[in-house]
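Try each task before you read its solution.

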Amino acid sequence: MTGNTLLLSLILWPFLAAFICYITGWKTKNVKLRDGMVIVSIFIEIAFYAVAVLTMDSAGSSLIIPDVCGLGISFRFGGFRMIYVAVALVMWSMTALFSKEYFAHYRNRNRYYFFYLLTLGATIGVFISRDLYTAFIFFEIMSLTSYTWVAHDEKPAAMRAAGTYLTVAVIGGLVMLMGVIMCYYLLGTLEIDSLHAAAEAVFNGGSASDKAAVYVAGALILFGYGAKAGMFPLHIWLPKAHPVAPAPASALLSGILTKSGIYGVLILCFEVFRGDKNWGTVILVLGCITMFLGAVLAVFSIDLKRTLACSSMSQIGFILVGCAFSVLLNEENSLAAAGTVLYMVNHSMFKLVLFMCAGAVYMKLHRLDLNDIRGFGKNKPLLKIAFAIGALGIMGIPFFSGYISKTLIHEGIVEYYEECGAAVIKAIEYLFLLSGGMTIGYMTKLFVAVFVEKPSKYVQQKEAEEKAVFSPLTYAALFIPCIFIVVCGVIPSIFIDKLAVVMSDFTHAEPIEHIAVFSLENLKGFVISLVIGILVFLFSRKCLMTGRKDERVYADRWPAKLDLENMLYRPLLLVILPTVFSAIVISSLFEWILYAIRRMFFKELIENKPTPVKDRIMANIAQADDNLRVVSGSLSYGMVCIMLGLIVTIFYLLSVG
């Protein structure tokens, strides 16, 4: 098998497998067969990946398909791309094992698995894209297919959150497309490896207007990728989508899809604006706000998955801070760059474990409010250990992998402070430690609530009805990523040294020299965060709970009015969308078509006397009419129409151009 065939198989197999598994489930109605085929399909993809890793150096690492849409699409495998395809496959394989039990009593499973595999193919396409155009196409496909995860339950809250998710994705895609077009016009290339040389030529010899235009193009692309990453102020979908999405989907949304957004930010930082202090400062400001605000929201949250979602926002902020210092330190960015990439991988593993633990709770209780689920895991040692490992990792506790990545980024901050001596950098270091302390505080709150406190009356009632037990597959899905978290934390040099070599082609950073991550100076930063974490936990017990000593409950103290979506974005969009995109006209057109068909083909049926058969037909028509009116009047429907129209238009224009 040639290198090109391997790459093509790696990209296309998940799309093909999605249709095979869907048809199998639809035709045979055999749930076990379909579920087994999904798991086998992912392991076939892992086999393609393994063969590619073993043979790609000699067989070739790039694939270019020149005749697709005028510009063609191209892929490259190796380095950072290889790492994150591996992370994606680990996450999909673990969530596939977990989903077998989690979805046992769900409906629409066939649809879920169909889009589950489609999203895998699109995500791999993003990470191995060789140019920004290819990345954009797969990024938009990924946004559309993952929308169904958020809307899976089809309840009002799920549909509203899905509308928010899709709106952010569509608007982000439109803005990103403008940036990609500008980038091609200004730099003459969209190939990722050529962007730095092209941008450097503009900054060194171009006019002031051309330089400004490159910043504008970068900002537009950052808008699109930042929206998917959950970067402030485009974070609004994160706290809404995760509580309503199925837990395996939440793990993927938080653990891998947000990283596709960070991947785009890294391209801008390491290729287009490498060493540019203006750009680094912008990313630093956005990263600090995202890091701190996400932590504050998590401290105040009393919903298990919402807290983990806000935590994801905060952790994305930590990663963005690492990106910023990778730019600011330029050629001396080895520590910051290594910390950034390792933090990405770590966060994927943490959220894989934590969201699946949350899914295990929801699987048995169908509740997520801390007051309802408190004490559920008190007598479940394996679930308690898995959650504890994920929590200790994300807290940055020594001998867990999160400590290593946080220490490397912290070292980068200290290094830049020693270089420039600016007081604001010292303040950012303190904010970094404060946000880390808040992470310790809210994760401790979750652990104590679910695994230490006395079981609530609701939990006692559920346990009396049916003892909560989990399958071996569920525990396997939980503990496999836990092994990585522990091993990487205990023996960090094994992973850090190899990571630095593999990622150097993407980050352009020098290999890391030996660093004493457990030195007294580095442990001092952890101790500061630990003290802050203890204070935050005590604050949450004292000020964020209410009631008498024996009946204290978690209280939602966050002001409901402080919701950026409801305060600003949704009112703005409800004015713009009907005017600009004519969503009402499109909706009305579909309703008129349905009305015309009904009058044309069922006129006599409507006018004649009713019969049982006719009653059933008319009831179906009425139901379809009502369903169409609800769907076509929704924001999600308008966004789907816009996204599909955008994709079709792009393909058409580029094919004729």
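Contact here means heavy atoms within 4.5 Å. Keep in mind that the model is a predicted one.

**Exercise 1.** Find where Ile236 lies and which residues Ile236 is in contact with, leaving aside neighbours within four places in sequence.

Solution. Start with the chain: Ile236 lies in the loop between α8 (208-229) and α9 (237-244). Next, look around Ile236 for its contacts, which are Thr164, Val168, Leu564, Glu565 and Tyr569 once neighbours within four places in sequence are left aside. Then check accessibility: buried means under 20% relative accessible area, and Ile236 has 10%, so Ile236 is buried. Finally, step to Cys310, which is 74 residues from Ile236 in sequence and 9.9 Å away in space, C-alpha to C-alpha.

**Exercise 2.** Decide whether Asn346 is buried or exposed, and find which side chain joins that of Asn346 in a polar contact.

Solution. First place the residue: Asn346 lies in helix α13 (residues 334-365). The relative accessible area of Asn346 is 0%, so this residue is buried. Now look at the side chains: those of Asn346 and Ser405 are joined by a polar contact of 3.1 Å. Not counting residues up to four places away in sequence, Asn346 touches Ser401, Gly402, Ser405 and Phe484.

**Exercise 3.** Work out how many cavities of 30 Å³ or more a search of the whole structure finds, then describe the largest cavity.

Solution. The search finds 4 such cavities. The largest has a volume of about 170 Å³. It is lined by 14 residues, and those closest to its centre are Lys406, Leu433, Gly525, Phe526 and Ser529. Elements giving two or more residues to this lining are α16 (401-420), α17 (423-451) and α21 (520-543). Sorted by class, the lining of the largest cavity has 6 nonpolar, 7 polar and 1 charged residues.

Notes
Residues are numbered from 1 along each chain as its sequence is written. This is a predicted model: local features need pLDDT of at least 70, side-chain atom pairs count only at pLDDT 80 or more; totals for chains, interfaces and linings use all residues. Side-chain values use heavy atoms; hydrogens and water are left out. On a 1 Å grid over the protein atoms alone, a cavity is a set of points where a 1.4 Å probe fits but cannot get out, and a pocket is an open set with protein on both sides within 12 Å along at least five of seven lines; lining residues have an atom within 4 Å of a point. Grid points are joined across faces, edges and corners, and a volume is the space filled by probe spheres set on the points. Ala, Val, Leu, Ile, Met, Phe, Trp, Tyr, Cys and Pro count as nonpolar, Asp, Glu, Lys and Arg as charged, and the others, Gly among them, as polar. Buried means under 20% relative accessible area, exposed over 50%, partly exposed in between (1.4 Å probe, protein chains only). A polar contact is a pair of N or O atoms within 3.5 Å; within protein, one must be able to donate a hydrogen and the other to accept it, and residues adjacent in sequence count only if both atoms are side-chain atoms.
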